[in-house]
Amino acid sequence: MLKLPVYLDNNATTPCDPRVVEAMVPYFYENFGNAASRNHPFGWAAEEAVDYAREQVAQLIGADPKEIIFTSGATEGDNLAIKGVFEMYASKGNHIITATTEHKAVLDTCKHIEKLGGEVTYLQVKADGLIDLAELEAAIKPTTILVSIMYGNNEIGVVQPVREISAIAKKHGVLFFTDGVQAVCKIPVDVQKDGIDIMAFTAHKMYGPKGIGALYVRRKNPRVKVTAQMDGGGHERGMRSGTLNVPGIVGFGKAAELARLEMEQDSKRLSGLRDKLESELLKIEESYVNGNREHRLPHVTNISFKHVEGEGLMMGFNKSIALSSGSACTSASLEPSYVLKALGLGDDLAHSSLRFGLGRFTTEEQIDYTIEQVRNTVLKLREMSPLWEMYKEGIDLNSIEWAAH
Amino acid sequence: MAYSDKVIDHYSNPKNVGTLDKASKSVGTGLVGAPECGDVMRLQIEVDDQTGVIRDAKFKTFGCGSAIASSSLATEWLKGKTVDQALTIDNMTIVEELNLPPVKIHCSVLAEDAIKAAINDYRAKNGFEAIKFEESIVH
């Protein structure tokens, strides 16, 4: 049976796995204690649960449990990592290197750093979305304290060469931070093998609850410290104060354990479905995949359908298929996706893009349905598109003087 | 964002999609917007030379649902009006008819601009001076 509506926006958030919710429930009721209450059984039960979850989370990424700092999510993790390093290592320098395709939580934090007197280099990416390693190395200077490059991109799924990046950072004695939100649980991420010093990730992108995330902070070779951005009771080794979200942490732990055990088969199944979706949709004339197709997360594809507008396209099936578009027709700025523009895509192609993010609960029937719906809508809208008509008549659209709008 | 029923109706069953012979003297064509802004509208009118009445109107639009609905509605309103009457179509009446939210007002402005551009194209072809319009507010 085809289950509608189809959810293909798993890069935005994922549904909770029922096994995760089941693990969390007792921590709302009988085990409601504060993990910092050291002198009674309610506190002990909560602390024990947190310790266990911390191990589950650490194990997923090859870390030591002591290296896991629980946060409210990856936006907080990104802020804590970048601002925390900027403050902690102020005596060493004030220069940070990042890339133009990073998540807003990184880019806007970097802008904040600039206001505080820091210096930030924003690396351009190549047409396939990957950074140029030679450019990265050339950007490092004596005052550089941090390289912040995401693991997998949220819009196009491109996976950066993390091991090469960390090797370059290490060679120059610079810390390496990565936003691992989209990659953790989708592909094997190992902080030791990958040479990661700090990493932010979050539960709700891996079938866990919203409102709980973690920052991995390396304790050995080198020992990394970040200045707390939230002051208080000194929780989380003094790096993040605030009463621990015990049910959330328990759910996060369970989600991490499931990811560790099921990632391989999940990813294989999802990349199979993704490839089917992609190859069928690419049969539509003038459709293009955005970003590198080899170095990519298994569950994502981002496709532009030339001469139809993304939001108009989604309207054709938005009651039955949930996904997102690089077109920002709804935003006040009317600017299309900055990530797609960073790849050098014209605004017209950026406006014409759809992002498909598959997940653990996506079925083959849903993919077949999506292929049919998207194809029909693209063809219908092209019949209505003046650009398509001109393209078919052989008119070069770049030769037309469009009215400034 | 939820779309109004009227927008959905025009999007699902657009009226007057198509192309008129742009070389014909009785056809006026307006092409407005730009691909990089995410919307391009082409609106065409066919005018009865004797009566000045718009006999037919067609559109093709690249854009969101509201842009498609605005142009579909505009073609419906144009048919049967004289050219002079057509000039009185105001973008705000489109906004009201389709219940467009503030972020979509530019779609209605584009439709009004397309009507004016089509009329001026028709006038130029028939030896009339182009009408000068005030700058649109939302651009």
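The model is predicted.

Chain A contains 12 helices and 13 strands. Its radius of gyration is 22 Å, close to the 22 Å that the globule rule gives for 405 residues, so chain A is as compact as a globular protein of that length. Along the principal axes, the C-alpha atoms of chain A fill a box of roughly 75 × 55 × 35 Å. Of the 405 residues in chain A, 53% are buried. Contacts across the sequence were also counted. Among contacts in chain A with a separation of 6 or more, 72% join residues 24 or more positions apart.

Chain A also touches chain B. The contact takes 26 residues from chain A and 26 residues from chain B. Three helices of chain A, α8 (310–315), α10 (347–351) and α12 (386–392), each supply at least two residues of the side that touches chain B. That side of chain A has 12 nonpolar, 8 polar and 6 charged residues.

In soluble globular proteins, nonpolar side chains tend to be buried together. Here, the largest nonpolar core has 155 residues. The residues with the most contacts inside this core are Ile82(A), Leu175(A), Ile198(A), Tyr216(A) and Ala114(B). Helix α7 (residues 246–281) of chain A gives the largest share of the core, 12 residues. Domain 1 (6–11 + 263–399) and domain 2 (18–259) of chain A both contribute residues, so the core lies between them.

Strand β7 (residues 198–202) of chain A includes one of these core residues, Ile198(A). In β7(A), 5 of the 5 residues are buried, so the strand is largely enclosed by the rest of the structure. In a regular strand the side chains alternate between the two faces of the sheet. From β7(A), Ile198(A), Ala200(A) and Thr202(A) point one way. Met199(A) and Phe201(A) point the other way.

β7(A) pairs with two strands, β6 and β8 of chain A. Strand β6 (residues 175–179) runs parallel to β7(A), with 3 bridges between them. Within this pairing, Phe177(A) stands opposite Ile198(A). Strand β8 (residues 213–217) runs antiparallel to β7(A), and 5 bridges join the two. Here Met199(A) stands opposite Tyr216(A).

Tyr216(A) was then examined for its contacts. Beyond its neighbours within four places in sequence, Tyr216(A) is in contact with Ile198(A) and Met199(A) of β7(A), among others. Its other partners include Ile61(A), Ala63(A), Glu67(A) and Ile68(A). Val191(A) and Ile196(A) also contact Tyr216(A).

Definitions and conventions. Residues are numbered from 1 along each chain as its sequence is written. Chains are lettered from A and ligands numbered from 1 in the order in which they are written. This is a predicted model: local features need pLDDT of at least 70, side-chain atom pairs count only at pLDDT 80 or more; totals for chains, interfaces and linings use all residues. The radius of gyration is taken over C-alpha atoms; the globule rule is 2.2 Å times the number of residues to the power 0.38. A residue is buried if 20 or more other C-beta atoms lie within 10 Å of its own, exposed if 12 or fewer, and partly exposed in between; C-beta atoms are placed from the backbone. Two residues are in contact if their C-beta atoms, placed from the backbone, lie within 7 Å. Ala, Val, Leu, Ile, Met, Phe, Trp, Tyr, Cys and Pro count as nonpolar, Asp, Glu, Lys and Arg as charged, and the others, Gly among them, as polar. A nonpolar core is a set of buried Ala, Val, Leu, Ile, Met, Phe, Trp, Tyr and Cys residues joined through C-beta atoms within 7 Å. Domain bounds come from an automatic or database domain assignment. Two strands pair if DSSP finds at least two bridges between them.
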